[in-house]
Amino acid sequence: MTNPSETQKAGGGLLAGMSPWALAGHALPWAIAIGFFFIAEGYLSFGTQIIIWILFALSLDLALGYAGIVTLGQAAFFGFGAYAAGWFSIHVSPDPILGHLFAIGLTAIVGLISGALILHTTGVTFLMLTLATVLIMFEYANQAKEITGGDDGLQGMKVGPIFGKYEFNLFGHTAYVYSLIVLFIWFVIMWRVVKSPFGRSLDGIRQNARRMRAIGTPVWWRLLAVYTLSAAMAGSAGALSAHATRFVGLSVLSLLTSGIVTVMLILGGTRRLYGAFVGAIVYFVVQDYTAKISPYFWEFIVGGMLIATVLFLEGGLMDLGGIARRQWERLTGKASKP
Amino acid sequence: MLSFAATVLLDGVSYGMVLFLISVGLTITMGLMRVVNLAHGSFAMIGGYIAGYFTQRGYNFYVALAVAAIIPGILGGLCEVTVYRPLYRKGELSQVLLTIGLVFVATAAVTEIFGAFPYPVKFPEYLTRPIDIGFRTYPGYRVFLIVVGAIIAAILWWVIDNSIYGARLRAAVDNARMARAVGMNVNLLFTGTFVVGCALAGLGGAIGAGILTPEPSYSLKYVVLFLIVVIVGGEGSFKGSFVAAMALGIIDTMGKYFIAPAAPYLLYVAVFLLLLWRPQGLLPPKSAT
């Protein structure tokens, strides 16, 4: 990413001029995801959940990783998108794609408004404001029983077939493929965004907002734009989750949801595109495995992993390869490139 | 009517005292070293659990309180030296993440040890009775909170305003770099303050257990309240956090009495608007203005 030759490629196609190894690297995760569909039929709803959380973690990567917006409020958008999709399916139309677009649009508006209100603050004050955003929504959703179902969750969602053809069936075939396609679309959008000059300016803002302002970058507008896009992505993940499970519970708006998605992203590694993939998969596998030992053990392990990542592995699991290579280069006496 | 207003006020003040006791350590450490410590509530939670453990087994209440202050203080000191210290040079994000990790670990640990259910502290019998306070009877526990809170606040006030330690602390909060330059050992000052802050949090968690009951979700649930006290008061401002804790206690109590259903989110809306109006908090220390 710090390689200048990649910047020039941003104008052309994303895959143009890429080495066969890099192409294979990009194809691998998607091949695994498609292969999973055929070989792991019994685990498709588990797979769908992972895909949804990958998308959610990607949305956080955009704001937190690329733009350096330290937020704990991402659950606000995920939850809002889920409730918007659920509400739409009950009161307007059961069509999942219309509902999905509705949820994305509405969440983007919420992101735009809340971002416009709070993005001029920094540091702890900003963090507190993002926490307050989640808490206001959570408490409101808890009170507004006629819209959200309050504590019982939003029930009675009707989800129609996609394009009037593909029913959401019990085994989750449709939900899996649908979620994977949505993830792929967002992934391509995000890739384009972060490789664009706009994405470069986010890099600069993260590293030194004051200097970026001094060279004439409209910092506030850039942050607002990326915050809105990130909110829309999180809302999309929320809508997917509502459609896949036909249920929205209050927990989508909890601080724990914000915490968990942050853990996933950090475990996998920020600003790595596939960091969210690795993090979400590792998180779910660890959770699934340790929950069998003791229902609370997973929290201990996940907390410990987070502490270890922050202290010893700042680039996340995706950086393990890089660390190994640097060690190898040091051992073999080759000077590593700056 | 007047008596009712006084009741609301007393309820609010006693609640505010608990919030103040728990948060005061956080306000100083966040102001001094600029560490975003989301795990602060965990120390209060541990204090509450320890007090619960000893009082349920029939130990003297005040012995239990002492242990509930000492153990979180020691734990805080250990954490400061091992995990917090590498954080000072890192950004806010690392601090947020690592302290969230600590919250997860603490939550899992207390669930493993004490179970998944609320774990009440058994207060001595004379505190559970109502006592006569002149114009009406009032729960002894709340009177105890107000008295203890006021005494500790007064001591802290005196220490911070009049002792050499307080003068150093204020100097370091206002300008840590300058404090170092004139030869103060800011690191040692910080470790000491961290230990005291965590001990106070443990004590606050223990005596406040009648209002904020120890339970596994404690640290995640209430850390927002403690952060509000610190940030609304102004990071590093001792008096600001006292004012903010009282205001939060009184407003929250009033909300529960008068506009019960809307209370929780109105409080957060109020905090939201206040921070938009004054991003530095109510009474920011000199360096922040």
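Two residue pairs are in polar contact between chain A and chain B, both at pLDDT 80 or more. That is where I will start, and please keep in mind that this is a predicted model.

What is the count of salt bridges between chain A and chain B? It is zero.

Now the interface as a whole. In chain A, 38 residues are in contact with 39 residues of chain B. The size of an interface is often given as the accessible area lost when the parts come together. Here the area buried between chain A and chain B is about 3600 Å², and carbon and sulfur atoms give 83% of it.

Which helices of chain A supply at least two residues each to the side that touches chain B? They are H5 (96-118), H6 (123-143), H12 (255-268) and H14 (297-312). H6(A) gives the largest share of that side, 14 residues. Sorted by class, the side of chain A that touches chain B has 25 nonpolar, 10 polar and three charged residues.

H10(B) contributes the largest share of the lining, six residues.

How do the lining residues of the second largest pocket divide? There are 21 nonpolar, six polar and seven charged.

That is the end of my part.

Definitions and conventions. Residues are numbered from 1 along each chain as its sequence is written. Chains are lettered from A and ligands numbered from 1 in the order in which they are written. This is a predicted model: local features need pLDDT of at least 70, side-chain atom pairs count only at pLDDT 80 or more; totals for chains, interfaces and linings use all residues. Side-chain values use heavy atoms; hydrogens and water are left out. Contact means heavy atoms within 4.5 Å. Buried area is the accessible area (1.4 Å probe) that two parts lose on being put together, summed over both. A salt bridge is a side-chain nitrogen of Lys or Arg within 4 Å of a carboxyl oxygen of Asp or Glu. A polar contact is a pair of N or O atoms within 3.5 Å; within protein, one must be able to donate a hydrogen and the other to accept it, and residues adjacent in sequence count only if both atoms are side-chain atoms. Helices (H or I, at least four residues) and strands (E, at least two) are DSSP runs, numbered from the N terminus. Ala, Val, Leu, Ile, Met, Phe, Trp, Tyr, Cys and Pro count as nonpolar, Asp, Glu, Lys and Arg as charged, and the others, Gly among them, as polar.
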